[in-house]
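Subject: Structure handover, with notes on helix packing

Dear colleague,

I am passing on the structure we discussed, together with my notes on it. Please open it alongside this message as you read.

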Amino acid sequence: MAHTTQDNLFRHNLIVLTVAQALGAASPPIIVSLGGLIGQQLSDNPALTTLPVSLFNLGLALGTLPSAFIMRRYGRQSAYFIGALLAILGGLVAFTGILNHSFVIFCIGTMLAGYYAANVQSYRFAATDAASDAQRAKAISWVMVGGLFAAIIGPQTVIWTRNSITDVPFAGSFLAQAGLALLAILVLTRLRSTPPMQVTASDAPMRSVGQLLRSPRFALALGSGLVTYGLMVFVMTAAPVAMVGHGHGVDHAALGIQWHVLAMFLPSLVTGRLMARFGTERITAAGLVIIGLSAIAALGGFGLMNFYLSLILLGVGWNFGFIGATAMLTASHTQAERARAQGLNDFVIFGTVALASFFSGALLQASGWEVINWMIFPAIALVLAPLVWSIGRKA
């Protein structure tokens, strides 16, 4: 009976978190697609036009640690409610910034939305709380399927709402962003929380941050996620600019990013089953190899098909690598350590993502698209070598 109750809790929360992911992960496409355009309107300094997007990524990175603390002390549901409330506030603040032609206020709004994104990123971990070891990889994979719907909801929200307020372009999209967060709160009321993440007398001593980082299993999982996500953002940020710079239209660049996003999330339908069959380390390694193949496609020329193939392979590689790294991480810490370990993991990864979004465009302008892609290979080698060694030890 207890086993049946646990399975029911797992299935119920998996559905809730997948729907919440679809709503919550729709916010970044709104900010990424409009942030630079609004920055051009509101900022007197052309160098700062993409600052709203960069501050969104910074808010994501900075939000990982306080949200992890709230989860550990009060439970995931409380943390997720706070994150969604801040998303509503962020949408309203961004709307106010546009309405009052204030670049600073608009940037505050996008940074608040970044805190919400930090919580949305942890939904993949929450899905494993009531999962058995055999269910863990599939749970992460299925929650990530919500991102596939988000990739449709976010851009369509922009199309439907960007001119909804007369004479104030794009303002309606940020009211819609707040509305999506409100819907997410309604969905999250259905989440059945596991107990707060606290140590009991029967638990092993909780390791410090330094001890976690010195743990080979944790370090390998963290490194795999860091390289996978960091490279994806690094290349994706530069790709549209590179495409236009090599003679392709803006519409072609937008289509390339659309294919990339679909490739990021569509494999989630099978990634969990592949990990169950072949193991998380093998699928993570396969993801890194596929990212390497994306660089080879990009270096093959500047034709439209080179860019499209590169972006599609980059998306598939990210899916395998990041979901695999997430599953590896959940197996590298105890139940008592999960908030600390998962918060540390996301802080490091999304801090790197913020830096990647800052520097990718500058490097592209200074050195070109080919250099961006050549940099992929040494980064992959740093993680792929220990991954292969780990796989060999288990064989």
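This is a predicted model: local features need pLDDT of at least 70, side-chain atom pairs count only at pLDDT 80 or more; totals for chains, interfaces and linings use all residues.

I begin with helix 7 (residues 136-161) and helix 8 (residues 171-188), whose axes lie 8 Å apart and which pack at an angle of about 135°. Helix 7 and helix 8 are therefore oblique to each other, and the crossing by which helix 7 passes helix 8 is right-handed. On the helix 7 side the residues involved are Ile153, Thr157, Val158 and Thr161, and these meet Gly172, Ser173, Ala176 and Leu180 of helix 8. Sorted by class, the contact of helix 7 with helix 8 holds four nonpolar and four polar residues, with no charged ones.

Helix 10 covers residues 216-245, and its 30 residues, at 1.5 Å a residue, should span 44 Å, which agrees with the 43 Å between its end C-alpha atoms. After helix 10 comes Gly247, which has a positive phi, near 95°.

The second pair is helix 12 (residues 268-278) with helix 13 (residues 280-299), which pack at an angle of about 125° with their axes 7 Å apart. That angle makes helix 12 oblique to helix 13. Thr271, Leu274, Met275 and Phe278 of helix 12 make the contact with Thr280, Arg282 and Ile283 of helix 13, and by class the residues of this contact divide into four nonpolar, two polar and one charged.

Among the residues making the contact are Leu288, Val289, Ile291 and Gly292 of helix 13, together with Ile380, Val383, Leu384 and Leu387 of helix 17. The residues of the contact between helix 13 and helix 17 divide into 14 nonpolar, three polar and three charged; the list includes Glu281 and Arg282 of helix 13 and Lys394 of helix 17.

Definitions and conventions. Residues are numbered from 1 along each chain as its sequence is written. Side-chain values use heavy atoms; hydrogens and water are left out. Axes are lines fitted to C-alpha atoms, for helices over the stretch in contact, and angles run from 0 to 180 degrees between N-to-C directions. Helices (H or I, at least four residues) and strands (E, at least two) are DSSP runs, numbered from the N terminus. Angles under 35 degrees count as roughly parallel, over 145 as roughly antiparallel, 65 to 115 as roughly perpendicular and the rest as oblique. A crossing is left-handed if the near helix is turned anticlockwise from the far one by less than a right angle, and right-handed if clockwise. Contact means heavy atoms within 4.5 Å. Ala, Val, Leu, Ile, Met, Phe, Trp, Tyr, Cys and Pro count as nonpolar, Asp, Glu, Lys and Arg as charged, and the others, Gly among them, as polar. The expected span of a helix is 1.5 Å times one less than its number of residues.
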